[in-house]
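Thanks for coming. I will go through one structure piece by piece, so please keep the sequence and the model in view.

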Amino acid sequence: MRKMTAAAARRTAVAAQGFGRRKPSVASRRSVLDVLARTQVLQLDSVSAVVRAHYAPVFARIGAYDRTLLDEAAWPQGSRPRRLVEYWAHEAALLPVADWPLLRWRMERYRSGRWASARSVVDRNPTLGKDILEVIAEVGPSTASEVERHLELDKPRAKGSWWNLSDTKLICEQLFAAGELSVPKRVGFARHYDLTERVIPPDIAAREIAEPDAVRELIRRAATAHGIGTESDLRDYYRLHRSQSTPAIAELVAEGELEQVEVAGWDKPAYLRVGAATPRKVEGAALLCPFDPLVFYRPRIERIFDFHYRIEIYTPEHKRVHGYYVFPFLLDGELVGRVDLRAERATGRLLVPAAFAEPGRDTLETAAALKNSLREMADWLELDEVVIGEKGDLAPLLRPAPGR
């Protein structure tokens, strides 16, 4: 069995995700889609503390770009072809529309209900799903609240947390999970649902792929995105079950698509995507949002980068270690620090409440690279000022020297 150093495995993983490549002088739709060709998915998330999660990974890889390029690929208007579609991949995600049939087996499993709460809604209102489909068939793309108004179900609900969904919203989400509804557009990030047959191109919607073949292809895509990974890494990328991933990996090894290798310091076997590049060095800097595909599986980044990372959005403020919305900082192929970020659009400021270096990385070189990356992000977000807070060992190095 071939052996790899941990450093070589790390460079393979970072290069596979599209880092270390020359950034285009002017980002185009092609360069945006090239990111998807490497990452395979872009996770969606409602948090907008800095910028929506699906926009940030593209910026991290190619620099400043027009976000409408991604919007037009995912939610095209008029006769523009659809290049991306929403579905449950890693979590809620954008993926190439051609990959939609690879997840049909998941849609079938969700037909009986993705959540127990949805099943309870169906039990007490068994015709609601049919009623929703009829409304959308008649009026076209609609939010759940618009469907409610058509059904005259716009009843007051108890105020509470964001997950306090109405029955109509729950069933719209259930129909989306089951593949009966899709999302042709978003307005203010709110999903507008439409019949899947009006969103997915007919030739793609008609494609039938047996579950074992679909899972094998998903593992192949995960391996392409990872470059190298363990069974759990490959399984997590599309949230598969071990009973699915294990035989798929074995088949891909037998077919010569994956090579089992031993990585120094890894406690599990690794699988190298045949043809994956292992560059001698990976140069460049990037701020990675918490949902970036390079870091969204936390056990993997701890194994590869020795970087312990947890999202602290749901942690009470007084218990947070690094901050509310923390971006790991990638520099020349290694995670060297992390910064808590907030875009304060009303005042035109990119706030940096905290900035921490990894051990031995609290250097002027790290600070200079991070300062440039923060300025680049602020410019991309059309924010005038970068404001450095007091917390963290990198913060003093990011602030101008007194008198300057």
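In which loop is the place of D267? D267 sits in the loop between strand 8 (258-263) and strand 9 (270-273); helices (H or I, at least four residues) and strands (E, at least two) are DSSP runs, numbered from the N terminus. D267 is exposed, since its relative accessible area is 67%; buried means under 20% relative accessible area, exposed over 50%, and partly exposed in between, with a 1.4 Å probe and protein chains only. From the C-alpha atom of D267 to that of L335 the separation is 21 Å, and the two residues are 68 apart along the chain.

A word on the source. This is a predicted model, in which local features need pLDDT of at least 70 and side-chain atom pairs count only at pLDDT 80 or more, while totals for chains, interfaces and linings use all residues. Residues are numbered from 1 along each chain as its sequence is written, and side-chain values use heavy atoms, with hydrogens and water left out.

Now another loop residue, V41. V41 lies in the loop between helix 2 (29-39) and strand 2 (42-43). Is V41 buried or exposed? V41 is buried, because its relative accessible area is 0%. Leaving out residues up to four places away in sequence, V41 touches L36, A89, A93, L94, L95, Y237, Y238, P293 and F296, where contact means heavy atoms within 4.5 Å.

Next, two residues with a positive phi. Most residues other than glycine have a negative phi, and most peptide bonds are trans. R239 has a phi near 55 degrees, a positive value in a residue other than glycine. R239 belongs to the loop between helix 12 (231-237) and helix 13 (242-254), and at 36% relative accessibility R239 counts as partly exposed. D306 also has a positive phi, near 55 degrees, and is a residue other than glycine. D306 is in the loop between helix 14 (298-305) and strand 11 (326-331). With 64% relative accessibility, D306 counts as exposed.

On to the helices. Two packed helices are described by the angle between their axes and the distance between the axes. Helix 6 (residues 116-124) packs on helix 9 (residues 167-177) at an angle of about 115 degrees, with the axes 9 Å apart. That makes helix 6 roughly perpendicular to helix 9. For the terms: axes are lines fitted to C-alpha atoms, for helices over the stretch in contact, and angles run from 0 to 180 degrees between N-to-C directions. Angles under 35 degrees count as roughly parallel, over 145 as roughly antiparallel, 65 to 115 as roughly perpendicular and the rest as oblique.

Which residues of helix 6 meet helix 9? They are S117, A118, V121, V122 and R124, and on helix 9 they meet D167, L170, I171 and Q174. By class, this contact of helix 6 with helix 9 has 5 nonpolar, 2 polar and 2 charged residues. Ala, Val, Leu, Ile, Met, Phe, Trp, Tyr, Cys and Pro count as nonpolar, Asp, Glu, Lys and Arg as charged, and the others, Gly among them, as polar.

Helix 7 (residues 128-139) also packs on helix 9: the axes come within 10 Å and cross at roughly 80 degrees. Helix 7 and helix 9 are therefore roughly perpendicular to each other. L128, G129, I132 and L133 of helix 7 make the contact with D167, T168, I171, C172 and L175 of helix 9. The contact of helix 7 with helix 9 divides into 6 nonpolar, 2 polar and 1 charged residues.

Last, the strands. Strand 3 (residues 84-88) is mostly covered, with 5 of its 5 residues buried. L84, E86 and W88 point one way from strand 3, and V85 and Y87 point the other way. Strand 3 runs antiparallel to strand 4 (residues 92-96), and 5 bridges join them; two strands pair if DSSP finds at least two bridges between them. The bridge partner of W88 in strand 4 is A92, and a hairpin of 3 residues joins strand 3 to strand 4.

Elsewhere, 5 strands form an open sheet with mixed pairing, in the order 10-11-12-13-14. Strand 10 (285-287) and strand 14 (385-391) stand at the edges, each with a single partner strand, so one side of each has no neighbour in the sheet. The twist averages 30 degrees from one strand to the next. Within this sheet, strand 12 (residues 334-344) and strand 13 (residues 349-357) run antiparallel and are joined by 7 bridges.
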